[in-house]
Amino acid sequence: MIRKMKPADLNAIMEIWLSSNLDAHSFVGRQYWQEQLPAVRAAIQDAEVYCYIATNDTIAGFIGLFVVSKYRQQGISSQLLVFVQGYHQQLTLDSYPQNQRAVAFYHRHGFVTSQQDATNVHMTCTAPE
């Protein structure tokens, strides 16, 4: 099930955010992600965030496409992305070019690279008219 984030979900969301970034971005130091926690926590509270709820009522992932490691490779990221694409005409995101799995995932889901340099890949997906 996918639903909007509730205020009570914030701590679980932040744990998923941190562990997912540490897993996916081994080329970035752990300290960087820990230093970003306060700013991300504040931004997430102001953002439109959707959560994927597993059968045991736990948050398995959230849009921003962060998924708990034990729930990965089960299509949760695809379901979250398709869900959000249904509500937005255009989506944009940034990824690290070193995170080739993420870049390939977004390409498979209709995103195109609009800008890229050594540190960032900017991608856009526009719904067909």
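L93 has M123 as its bridge partner in β7. This is a predicted model, numbered from 1 along each chain as its sequence is written. Local features need pLDDT of at least 70, side-chain atom pairs count only at pLDDT 80 or more, totals for chains, interfaces and linings use all residues, and side-chain values use heavy atoms, with hydrogens and water left out. Helices (H or I, at least four residues) and strands (E, at least two) are DSSP runs, numbered from the N terminus.

**Strand β5**
- β5 pairs with β7 (residues 121–126) in the antiparallel sense over six bridges; pairing takes at least two DSSP bridges between two strands.
- Buried means under 20% relative accessible area, exposed over 50%, and partly exposed in between (1.4 Å probe, protein chains only).

**Helix α1**
- The end C-alpha atoms of α1 (residues 10–24) are 21 Å apart, which agrees with the 21 Å that its 15 residues should span at 1.5 Å a residue; the expected span is 1.5 Å times one less than the number of residues.
- Buried residues of α1 include I13, W17 and L18.
- The buried residues of α1 pack against α2 (30–46), β2 (50–53), β3 (59–62) and β4 (66–67), where contact means heavy atoms within 4.5 Å.

**Helix α3**
- I76, L80, L81 and V84 are buried in α3 (residues 76–85).
- These residues lie on the same side of α3, because they cover an arc of only 130 degrees around the axis, taken from the directions from the helix axis to the C-beta atoms.
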